[in-house]
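Hi,

Here is the structure I promised to pass on to you. Have a look at it first, and then read on for my notes.

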Amino acid sequence: VRASLETINAEAANRVKPKFDQVLMLAGDTASTVEIRVESTTVKLRASPDAIAKVVDEVLKPTRAEASQKQLMQNMKQIGLAIHNYHSRQKHLPPRCLTDRDGQPLLSWRVALLPHIEQLAMYRAMKLDQPWNSDANAVFSATLIPMYVDELKANAKTRIRVPVYPGSIWHGEGPPKKFSDVKDGTSNTIAVIHAPKHAAVEWTAPKPWVLSVEDPL
């Protein structure tokens, strides 16, 4: 890739080049593969397409990270609102997991929230009396729900988990809790967590995320 930037005079060209150098500093080692020089009134750039792509990726990484964080926070707010709407309609919080008649886990609490995050059609299409990885539900488990996953790519798992430990609103095997059971007030109580990468699971999977009371962090 070769590019030339014409300036009005040599002084201007010499003012422009340091700006390019500052941008390249953000690209780390990749910067050494990009050549920028001044010829009279022209600033010339030469690099391989791969180097250009790496430079752009490195320069935009902080911006992308900030945008990703904002999107995550928006998703968390929407999930919190969905939990409130679920409680308003059902008069209790979502169950930690959907179970069969014998109490065996079938599907995650995230499935129960689908109608409240604009996924009613998927909720109605799923077999709520079958496990998350059954033949009937496998296709849905492989379908990405933007509000639940960080990356829209194949086999992406969710890091949106509910913490299970003594005293949490998701602890215990009894019926789903109500807001009236939250003694500390909902504003002081954890609903969901953006969990570490190692805790990611399929969004339909009912496996509980059990935290250590001795070492919760």
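Below are my notes on the pockets, the sheet and the aromatic pairs.

Please keep in mind that this is a predicted model.

I expect you will want to start here. The largest pocket has a volume of about 490 Å³. Its lining is made up of 20 residues, and those closest to the centre are Ser68, Val149, Asp150, Glu151 and Arg159. Which helix gives the largest share of that lining? That is helix α2, spanning residues 49-90, with five residues. Sorted by class, the lining of the largest pocket holds nine nonpolar, five polar and six charged residues.

The second largest pocket comes to about 320 Å³ in volume. Here 19 residues form the lining, and Arg96, Cys97, Gly172, Glu173 and Gly174 are the ones nearest the centre. In this second largest pocket the classes divide into eleven nonpolar, five polar and three charged residues.

**The sheet and its helix**

Next, you will find an open sheet of three strands, arranged in the order β1-β3-β2 with antiparallel pairing. The edges are taken by β1 (2-6) and β2 (35-39), each of which pairs on one side only. From one strand to the next, the twist averages 20°.

If you zoom in on β2 and β3 (residues 42-46), you will see that these two strands pair in the antiparallel sense over five bridges. As a landmark for your viewer, Ile36 stands opposite Leu45 in β3. Helix α1, residues 10-25, packs on the sheet and touches β1, β2 and β3. How does the direction of helix α1 lie relative to that of β2, and what is the angle? The two directions make about 175°.

**Aromatic pairs**

Finally, a word on the rings. A pair of aromatic rings is described by the distance of the centres and the angle of the planes. The count for this model is two aromatic pairs. One of them is formed by Trp109 and Trp170, with 6.0 Å from centre to centre and 35° between the planes, and it is classed as tilted. This pair links distant parts of the chain, as its two residues are 61 residues apart. Trp109 sits in helix α3 (residues 109-112), while Trp170 belongs to the loop between β7 (163-164) and β8 (193-194).

That is everything from my side for now. Happy exploring!

Best wishes

Note on methods
Residues numbered from 1 in each chain as written. Predicted model: local features only at pLDDT ≥ 70, side-chain atom pairs only at ≥ 80, totals over all residues. Heavy atoms only, no water. 1 Å grid on protein atoms, 1.4 Å probe; cavity = no way out; pocket = protein on both sides within 12 Å on 5 of 7 lines; lining within 4 Å. Points joined across faces, edges and corners; volume = space filled by probe spheres on them. Helix = DSSP H or I, 4+ residues; strand = E, 2+ residues; numbered from the N terminus. Nonpolar A, V, L, I, M, F, W, Y, C, P; charged D, E, K, R; others polar. Pairing = 2+ DSSP bridges. Axes fitted to C-alpha atoms, helices over the stretch in contact; angles between N-to-C directions. Contact = heavy atoms within 4.5 Å. Phe/Tyr/Trp six-rings, centres within 6.5 Å; stacked < 30°, edge-to-face > 60°.
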